[in-house]
Amino acid sequence: MPAMADETLFQLLHTQVVAAAYGAGRGSGDEGLRAGLTVLEGMGFRVGQGLAERLPQGALAFREELDTIKFLCRDLWGAVFGKQTDNLRTNHQGTYILQDNNFPFLTQMAWGQQYLEEAPKFLAFTCGLLRGTLSSLGIESSVTASVTSLPACKFQVVIQKA
Amino acid sequence: MAVCIAVIAKENYPLYIRSIPAEQELKFHYTVHTSLDVVDEKVSAMGKALVDQRELYLGLLYPTEDYKVSLLSRLGIPCVKSMFPNQLHRYGYVTNSKVKFVMVVDSSNTALRDNEIRSMFRKLHNSYTDVMCNPFYNPGDRIHSRAFDNMVTSMMVQVC
């Protein structure tokens, strides 16, 4: 089935996008690292805006914030990665933690502590993706990611209260 | 026949507005602007109502002077229609990203069925989604896409 290759294609493309963001000598040092992360996050943001238009099939089903976050965990993750997030936690004060124990961009890299410093580069795009989708659906937020042990990672979404 | 089609951004400024005949453009700009209040009212009313599925399609909007208005809500509240010649109907539609589509339709020739209006809005939404996904388009800019123009032209002519 042609649709099954979608996730693989996207993963391969993403790997190259990260490499390109740090290529041509841009990636040296802390400055370069931050610049690369910003570029990747910005890309993810724009993609998220487009996805927010395409994905919700039909009704305005998001009566509250939690519904929107659940939509991210189920439908967005399903469309982009072919699976759902494994865990969602919230403190009901506007902070949500989306946990994925088998994050597709990291499964090919390592299992455990190896390459831990390189991991953030591969999470920046997804952070932007989440932020862009939320922004398009009317929720301003800031998204950060953390990894303690590949390939599990956590995305923390903090909703900006006006 | 659709005489005016407008795409309004979340912040209530127009992303795209086109009307025929061209002389009446200012009047249609005004019409669409006043419709926005009605759209906002409907959207906030839907927010409070405990419905499981809220519709994107808002139906016929408010009536004023020479326009006919009827409310087609999801809960099936009956619509009161008064028949005047040369009636201009205004229809609204909101996307998940709070972008609104307003359509003004001249029903003097044929009474357009609700389904046809819905399908027109669906086409509009699909074209708008394509515009959104265009990497050369920055969200918030006016829409210059020729593909979008052509789709709107086909809607303004075909319904005659």
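## Gln49 of chain A

At 12% relative accessibility, Gln49(A) counts as buried, a class defined as under 20% relative accessible area, with exposed meaning over 50% and partly exposed lying in between (1.4 Å probe, protein chains only). Gln49(A) belongs to helix H2 of chain A; helices (H or I, at least four residues) and strands (E, at least two) are DSSP runs, numbered from the N terminus. Apart from residues up to four places away in sequence, Gln49(A) touches Gly132(A), Thr133(A), Ser136(A), Met132(B) and Pro139(B), where contact means heavy atoms within 4.5 Å.

## Basis and confidence of the model

This is a predicted model, in which local features need pLDDT of at least 70 and side-chain atom pairs count only at pLDDT 80 or more, while totals for chains, interfaces and linings use all residues. Residues are numbered from 1 along each chain as its sequence is written, chains are lettered from A and ligands numbered from 1 in the order in which they are written, and side-chain values use heavy atoms, with hydrogens and water left out.

The predictor assigns the complex an ipTM of 0.82 and a pTM of 0.80. In chain B the mean pLDDT is 71, and 65% of the residues reach 70 or more; pLDDT is the predictor's confidence in each residue, from 0 to 100. Over residues 49–55 of chain B, pLDDT stays under 50, and the model has 16 contacts beyond four places in sequence for that stretch. Residues 62–85 of chain B also stay under 50, with 45 such contacts.

## Helix packing between the chains

Helix H2 (residues 29–54) of chain A packs against helix H2 (residues 114–133) of chain B at an angle of about 170 degrees, the axes being 9 Å apart. Axes are lines fitted to C-alpha atoms, for helices over the stretch in contact, and angles run from 0 to 180 degrees between N-to-C directions. H2(A) and H2(B) are therefore roughly antiparallel; that term applies to angles over 145 degrees, whereas angles under 35 count as roughly parallel, 65 to 115 as roughly perpendicular and the rest as oblique.

H2(A) contributes Arg46(A), Gln49(A), Gly50(A), Glu53(A) and Arg54(A) to the contact, and H2(B) contributes His125(B), Tyr128(B), Thr129(B), Asp130(B), Met132(B) and Cys133(B).

## Fold of chain A

Chain A contains 5 helices and 4 strands, arranged along the sequence as α-α-α-β-β-α-α-β-β. Of its 162 residues, 44% count as buried.

The strands form an open sheet in the order E1-E2-E4-E3 (chain A), with antiparallel pairing; two strands pair if DSSP finds at least two bridges between them. Strands E1 (87–90) and E3 (141–149) of chain A stand at the edges with a single partner strand each, so one side of each has no neighbour in the sheet. The twist averages 20 degrees from one strand to the next. Strand E2 (residues 95–100) of chain A pairs with strand E4 (residues 152–159) of chain A over 6 bridges in the antiparallel sense, and Thr95(A) stands opposite Val158(A) in E4(A).

Helix H3 (residues 65–81) of chain A lies across E1, E2 and E4 of chain A, at about 15 degrees to E2(A). Helix H5 (residues 124–136) of chain A packs on the sheet and touches E3 and E4 of chain A, its direction making about 150 degrees with that of E3(A).

## The segment after E4

Gln160(A) lies in the segment after E4 of chain A and, at 44% relative accessibility, counts as partly exposed. Beyond its neighbours within four places in sequence, Gln160(A) is in contact with Glu140(A), Ser141(A) and Ser142(A).
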